[in-house]
Amino acid sequence: MSKSTEITSDKSKGNAAVNWLRRLTDGTSSLFLFAMMVMTCVDVVGRYFFNSPLDGATELTQLFMGVLVFAVLPTVSFREEHVSVDLMDLWFPLRLINPRQLIMNVLTAVMMAIVSWRVWYVADRAAEYGDATEYLAIEYAYIYYFIAIMCGATAAALALNIPRYFKSKGPLSPDEENLG
């Protein structure tokens, strides 16, 4: 069985709650990406053909990008599908991949929990001060709270990878026959 088949079958066998959350976060990011695409299209058509750009498009694009990136972060972290440069993987012993990933997931989960806590603090301050976008007056606190929640969900997703690597069943775990 190939690695991609294992990962796909691992997803289908997964916990119902994990699958539901994965669909929710992937769906949210997809929805915001589609909305951003439609908004940009309307803005460009309005700007060039009717000399009337969409009011607040720049602000909405900035906010949508924040939602888009942080909505998908827990799923990407759980699957370990981050963009990475594998400079050392050719020389890294296969038997040490699970311990390496275990340590990386523990450290990253702790760091993301701290980021979540600090962003929540910033969201509280933004809510207290009433910080809002300049043109559309959308309060930043809502976006910051969303980002804090998604960072917390990312920390939880990374923590869920820890037992998977203990069992040598993580997303990057080598096949059993290759460990020899």
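How many residues does helix α5 have, and how far does it reach from its first C-alpha to its last? In this predicted model, local features need pLDDT of at least 70, side-chain atom pairs count only at pLDDT 80 or more, and totals for chains, interfaces and linings use all residues. Residues are numbered from 1 along each chain as its sequence is written, and side-chain values use heavy atoms, without hydrogens and water.

Helix α5 (residues 140–166) has 27 residues and reaches 40 Å between its first and last C-alpha, close to the 39 Å expected at 1.5 Å a residue (1.5 Å times one less than the number of residues). Helices are DSSP runs of H or I with at least four residues, numbered from the N terminus. Ser168, which follows α5, has a positive phi near 60°.

The axes of α4 and α5 come within 8 Å and cross at roughly 165°; axes are lines fitted to C-alpha atoms over the stretch in contact, with angles from 0 to 180 degrees between N-to-C directions. The two helices, α4 and α5, are therefore roughly antiparallel (angles over 145 degrees). Their contact comprises 25 nonpolar, eight polar and one charged residues, where Ala, Val, Leu, Ile, Met, Phe, Trp, Tyr, Cys and Pro count as nonpolar, Asp, Glu, Lys and Arg as charged, and the others, Gly among them, as polar.

The second largest pocket is lined by 15 residues, with Glu80, Ser84, Arg100, Gln101 and Leu172 nearest its centre. A pocket is an open set of points on a 1 Å grid over the protein atoms alone, where a 1.4 Å probe fits, with protein on both sides within 12 Å along at least five of seven lines; lining residues have an atom within 4 Å of a point. Helix α4 (residues 97–129) gives the most to this lining, with five residues.

Terms used:
Parallel < 35°, antiparallel > 145°, perpendicular 65-115°, else oblique.
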